[in-house]
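Please find below my notes on the model. They cover a covalent link and a helix pair.

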Amino acid sequence: MPQPDTPLNQPAPTSRSTLRRRLLLTVLIVLVAAASTIYGLVQLNEDNDDDGAAADPRPEASATPICRAEGEFVAGFMSPQADDQRTQSILETMNTDAVTFGGRIVPAEAADYPGEVAEAIGGRDAYEYTVAMHWDGNDLAEPDQIVQIGDTSFGIIAAGDNSVVITESSAGADHFHSLTRTATELDTNAFIGLPVPQMRTSGETWLPDNSYADVVDAFSQKFVTAYQQRGADGFYLAMEMPLTPEAHWNPVTDYYARQTHIINDIAPGTTVLISPYLEGRQDRQTISPETAARGYEKLLGLGNGTRIVVSPQDGVGVGTTALAADESEAHSVTVEDYFAALHEVDPERLYVTIEAMTPGGGSPDSREPTTRDRVEEQLDATDPYVQGAIGFQWAEPNSMVHIDHIGAGACAAGPGQLE
């Protein structure tokens, strides 16, 4: 384009002037290019210096959650699902072995079932097992029978002298079988909760109704046989009691002893888990560490050939104990006091059940969520004394899944650790 002070009608330049102009233009282009290159190098160096300064204080965060506690979770209480993919998803998130709660055996009425089932019950006393269960693949004795109505399978299982326990499964649902199938594929240990009777409906309602213990025991024998064949690695005695040797709680320890005898007859040496609770509040019937130690010793003596593992609930989640750092005046003993005393009795079979919640109004809906920091404090308080931790969350079906960086794999020892 012509320069501003050049007339538009100026004659065309000579060849010499054209050459001179081209030479000047070339020099100008070279100078501009050199200046741009120098500027770019300076900027690149400055950017590198800035990046180095920002990266020095800390490296990039790891994709794997980091556990800041010394202790580890070797298992978690969880509720398996009827769908194997959902059960597998829970197990993979937990990254630990699994412990299930136990279903109940409760009195029932034949009239509450479809006509074909009621007819099969006949004049016998009826009880109901409250968890979905099917018997596919198991050899049932001649008195037992299956009644199929649509997609629902009813098991009429003879138990006791003149009683039956009714099981029910819709579309083949069996939550515990889903767990044993999935756990086998993932090399995860599965501990199945045994059936328990209902609690007493009057008087001492915190104790079991053992008036139909023969029914419970007869059904348990068939239950243990079924899930042992399906790959269960052990069993959990789901009935709770405080960690004490007091005779008042013999209705519970009698139940424990009967169940371990049944288990050992079917699968000798199997691991059986018990999870009693602690009470360290001053305004309650406080259990001293010495009393807890004698209670621990009593439970260890109920094995009947099985391997009893005791995992006391730490009490922090429901406020029955306190961490040492709390300096709580409401508690006369701390978590560490208890587990130090239990460790002296037998460290090899001692675990801890970490209560992954905070105290609330006393019901599942009123418990408050916990935090990662609090859970790690609980792990640190018990780690010197136990073989590992088992996670339990009051208000959620699956113990550690919803706690940031805990259910995602941190503080988890991996599968196959609770034996």
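Which residues form a disulfide?

1. Cys67 and Cys411 do, with their sulfur atoms 1.9 Å apart; a disulfide here is a pair of cysteine sulfur atoms within 2.5 Å. The count by this rule is 1 disulfide. The link is right-handed, with 85° about the S-S bond. Cys67 lies in the loop between α1 (15–55) and β1 (73–77), and Cys411 in the segment after β14 (389–392), so the pair links distant parts of the chain, 344 residues apart. Helices (H or I, at least four residues) and strands (E, at least two) are DSSP runs, numbered from the N terminus.

2. This is a predicted model, in which local features need pLDDT of at least 70, side-chain atom pairs count only at pLDDT 80 or more, and totals for chains, interfaces and linings use all residues. Residues are numbered from 1 along each chain as its sequence is written, and side-chain values use heavy atoms, with hydrogens and water left out.

3. Cys67 counts as partly exposed because its relative accessibility is 23%. Cys411, at 4%, counts as buried. Buried means under 20% relative accessible area, exposed over 50%, and partly exposed in between (1.4 Å probe, protein chains only).

4. The axes of helix α2 (residues 84–94) and helix α4 (residues 175–186) come within 9 Å and cross at roughly 55°. The two are therefore oblique to each other; angles under 35 degrees count as roughly parallel, over 145 as roughly antiparallel, 65 to 115 as roughly perpendicular and the rest as oblique.

Methods. Axes are lines fitted to C-alpha atoms, for helices over the stretch in contact, and angles run from 0 to 180 degrees between N-to-C directions.
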